[in-house]
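Visitor: I am new to this structure and would like to learn how to read its features. Could you take me through them one by one?

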Amino acid sequence: MSTATSTAAAPPGSPPQKRRSETPATAAEALVATLLAHGVDRIFCVAGESYLDVLDVLHDTPQIDVVTSRHEGSAGFAALADAKLTRRAGVVLVNRGPGATNAAIALHSAQQDATPLLLVVGHVRHSEIGRGGFQEMNYELTFGDVAKGVWTVTDARRVAETVRRALRLAEAGAPGPVVVVVPEDLLGQATTAQPAAPVPAASPGYLPDDVLRCAALLSQARSPLLVVGDRLGDDEGREAIRYAAQRLRLPVVTANKRQDLVDNDHSGYVGHLHLGTDAARWELFDEADLVLAIGTRLDAITSRSFNWPDPARSRLVHVYPDPAWLGRVHRPDLPVLADPGTFLTALTDACEADPGRWSDWTSRLRARQVESTRWHPVDAPDGVPFGAVVAAIDAAFDDAVFTVDAGNFSTWVHRYLRTTGRRRLLGMSGGAMGFGVPGGVAAALREPHRRVVAFVGDGGFLMTGTELATAVARRSRLIVVVADNGSYGTIRQHQERAYPGRRVATDLANPDFAAMAWAFGATGLSVRCVEDVEQAVPVAVDCDGPVVVHVRTSLEWISAYQKLPGVER
């Protein structure tokens, strides 16, 4: 955990610093004290005049590390990465109007990804509300469709209470984003309200009969498949997965962007359901006669646009702690409202261990997984196949945190980077570009003693890559690997399929990203051919500060599963 703080020593001759009592005297102090009471130790922000009172309180609050981002969207992405690592709501502070709308991408990503996020917005003054004030907007209307809750506080006595309510809702059931809006003149008002202490989390129980019914379905299955999702992402959930895979020898597949839930070298790990899942793998998964979906919402990507599992072929048990997602699209044979980890452990204990029962089925799935993720070098006339870089990085780290941005390049990461041991892989299931670098910055702050590698495409880097400045300011041990094929690759692939040879709006004119890194104060490395990979990766690993590895990747090898022969770059 980072020990950096937002408090700096006062220069000689400066006014004396304010001393604050432990009892909050203003709404801003109550807000910060409530964040502290809930264990918040880091926030991300772009400073704004509408919440200066909060910033002033944070100046005297060394327990909270204030991270200055270069764009509100980046601050939001960083907070989401932090939330994934801490399993608590990430916190972002933004200015009214433009600041809030810049952060909208993070709100949408949090909703799509079921990740808890608190956005605190400084609002216009009370007297300006509803009059079209400078940078005024209606946040309930703007964010009501994407956030779990949006509150505009109008009474200083209600700030702490509202923040507590928001944090609780953000982390409950299917986690997601919440928004608290506070008029700037209210933050400085006196209040007698005390910090709002957290309310103990309530986990839904389960009926013993549900465990028995699920065990009965499993006993009848010839080819079961365990699909695990993010609600099993804490230590207890991961142990429940390992226990079930080990004792029952069930084949385990992970939901979209969650492949680090299972040691990828485990004999029961058989794959990851994502946009790049190949047809041959889906054919095997279609053979499952029972799908145990535990801790996943069965979102569109995980369920192949809600077409899997097919009720005509397989039964479905869906275990999730939020009733809104049970039966929302799929019709489970057994819906279970329960804490996924507790239920999976109880199910494992209730079933008779029979190591050989599904061994042939699991072996078929595992063999396909092992073969499809073994890197076989390929030649490319127009650049470096990105799989060569991913394979080299996979071999270079025993323990690391990886972040991955959106784009076709990411298929190489999901296919050839194994999340084994303590390795973590963070990505956004909603597919928003721009997560990679700010997510990597947040991971490097949260895990300062581990190496962090951010994979990002050329398009995504030029959206939020300016957070490299934040990495340099913090001397983060961050390696940013830029896959540069001079194209918005995912859209180019769709474009070539729908309108062959008629490219428009997908070509990119890019700078020298290695030179750009040096300009920021980071180390810049260039990879122009496969031979450069073996030299660049060890250098990047040995650097103490931020590094950018600029890889001139092949456009012809557009993804880990598809080529575009003869394309022009």
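Guide: Let us start with a term: a salt bridge is a side-chain nitrogen of Lys or Arg within 4 Å of a carboxyl oxygen of Asp or Glu. By this rule the structure has 34 salt bridges, and K84, R87, D113, D230, R231 and R258 are joined in a network of them. This is a predicted model, in which local features need pLDDT of at least 70 and side-chain atom pairs count only at pLDDT 80 or more, while totals for chains, interfaces and linings use all residues. Residues are numbered from 1 along each chain as its sequence is written, and side-chain values use heavy atoms, leaving out hydrogens and water.

Visitor: Is D65 buried or exposed?

Guide: Buried means under 20% relative accessible area, exposed over 50%, and partly exposed in between (1.4 Å probe, protein chains only). D65 is buried, at 1%, whereas R474 is partly exposed, at 26%.

Visitor: How many residues of helix α1 are buried?

Guide: Nine of the 11 residues in α1 (residues 27–37) are buried, so this helix is largely enclosed by the rest of the structure. Among the buried residues are A27, E29 and L35.

Conventions:
Helices (H or I, at least four residues) and strands (E, at least two) are DSSP runs, numbered from the N terminus.
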